[in-house]
Structures are given as C-alpha cells and as structure tokens.
Amino acid sequence: FEVLEVGDRVEVQWQPQAIAPKKRVAKTRTLEVVHEDEDLLVVLKPAGLLTVPTPHGERQTLLSMVESYVRKSDSSAQVCCVHRLDRGVSGLLVFAKSIAMAEELRNQFAARKPERQYVAIVAGIVSQSRGRIESYLATDSDLNRYSVDDPAQGEFAATNFEVVKLWKDATLL
C-alpha cells in the first residue's frame, strides 16, 4: 500500500471482473506510536496490516510490532490487544500493558464507552444526509467481519453516519 500525502491526486477505475487475487508481499513497516504511558499504548495501524494473526499464523501483524517495540525496553513486558481494525482499515488502536488494564479497557469497549469515529468513501450516492445502520457482525476463521441477519450468529453493531461530501459516483461519510 502507498501512503498518500496532502495534495496527491488519486484516480480509481473499478472493474470487478479484472480483480484477481495476488500473492501478498511482506513489507517492512515502522510503528507509529501516538501515546504511551505505564498502562497503555496507542498506535496508528496502517491499512493493509493485520491487527492480530489469524489461525494461519501470520508473523507480520500490528500486535507483533507492538510486542517487539515494548520488549526493547522490558524483555518480560506483556502486551494485550484490546480491540482491532480490519486489515484494510487504518486508524488508532489501543494496547494494554497488563491483563488487568486489558480487562478494564475491554469492558469499556463492550459498554460502548469510547466514542469512535470513522471516515469512509463508499461507492454510489447515499441519498440520506444522515442515518443509522444496525446489523449483527460475525467473524470467520480468518478474522474477517461480515454482516448477518441472525442475532444468534453475530454481535449487535450500530453505526450512525453523516454525509460529508457527494461526488458523481461516490459519497464521503
């Protein structure tokens, strides 16, 4: 994945019939630490990087990078992943430096206490200026999230959205 700079111009032509799976090439990445204290670490996850390994045992994950970073100053340090973002999504993630802190933070996320904001460009024109999407999210064995209708198969998820900008064939939410 390329990192974009302010002022870069991006043009995308989507041709679904032309998309073919490609082999992933390992890239060396650097960890961007946004905040660190004795209890937690906040880092910027780039798009294209897994947060945690799947059952396939990927070695290059954000968790492995954070563990390596923390263990440089304390070889016995532990790091706990509190939440995650999908591979294709970039954003801030919180890691706990103890099991007790991880439990506290996970409880806060479960109670929907942290306010989270996302920015997305979606294909097509969203006609409502704002709205709410409710669904149930399930996770497959590769940690991919997908929507299901059956509450017994997924976790309730609600997303409020607001249209920021409309283009000819896309919407910024």
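## Salt bridges

In this predicted model, E134 and R132 form a salt bridge whose closest N and O atoms lie 2.7 Å apart. R132 is partly exposed, at a relative accessible area of 47%. Side chains of opposite charge can pair when their charged atoms come close. The count of salt bridges comes to six, and two further pairs are described here.

E155 and R145 meet through their side chains in a salt bridge, with 3.3 Å from N to O. This pair links distant parts of the chain, since E155 belongs to strand β8 and R145 to strand β7 (residues 145-148), ten residues apart. E155 has 43% relative accessibility and counts as partly exposed. R145 is also partly exposed, with a relative accessible area of 32%.

## A bridge between strands β6 and β8

Which residue forms a salt bridge with E162? The partner is R130, and the closest N and O atoms of the pair are 3.4 Å apart. E162 sits in strand β8 (residues 155-162) and R130 in strand β6 (residues 130-139), so that the bridge links distant parts of the chain, 32 residues apart.

Is R130 buried or exposed? R130 counts as exposed, at 52% relative accessibility. E162 is partly exposed, with a relative accessible area of 43%.

## Cysteines

How many disulfides does the structure hold? The number is zero. The sulfur of C80 has its closest cysteine sulfur in C81, at 9.0 Å, which is too far for a bond. A disulfide needs the two sulfur atoms within 2.5 Å, and C81, whose nearest cysteine sulfur is that of C80 at 9.0 Å, is in no disulfide.

Both of these cysteines fall under the 20% cut-off for buried residues. C80 has a relative accessible area of 12%, and C81 is buried at 16% relative accessibility.

## Nonpolar surface patch

Which residues make the nonpolar surface patch? V34, L44 and L92 make the patch, which covers about 240 Å². One of these residues, L92, is found in strand β4, a strand that spans residues 91-96.

Methods. Residues are numbered from 1 along each chain as its sequence is written. This is a predicted model: local features need pLDDT of at least 70, side-chain atom pairs count only at pLDDT 80 or more; totals for chains, interfaces and linings use all residues. Side-chain values use heavy atoms; hydrogens and water are left out. Patches are made of residues with over 30% relative accessible area and no salt bridge: like charges are joined within 9 Å, nonpolar side chains (Val, Leu, Ile, Met, Phe, Trp, Tyr) within 5 Å. Accessible areas come from the Shrake-Rupley method with a 1.4 Å probe; for residues, only the protein chains shown count as cover. A salt bridge is a side-chain nitrogen of Lys or Arg within 4 Å of a carboxyl oxygen of Asp or Glu. Helices (H or I, at least four residues) and strands (E, at least two) are DSSP runs, numbered from the N terminus. Buried means under 20% relative accessible area, exposed over 50%, partly exposed in between (1.4 Å probe, protein chains only).
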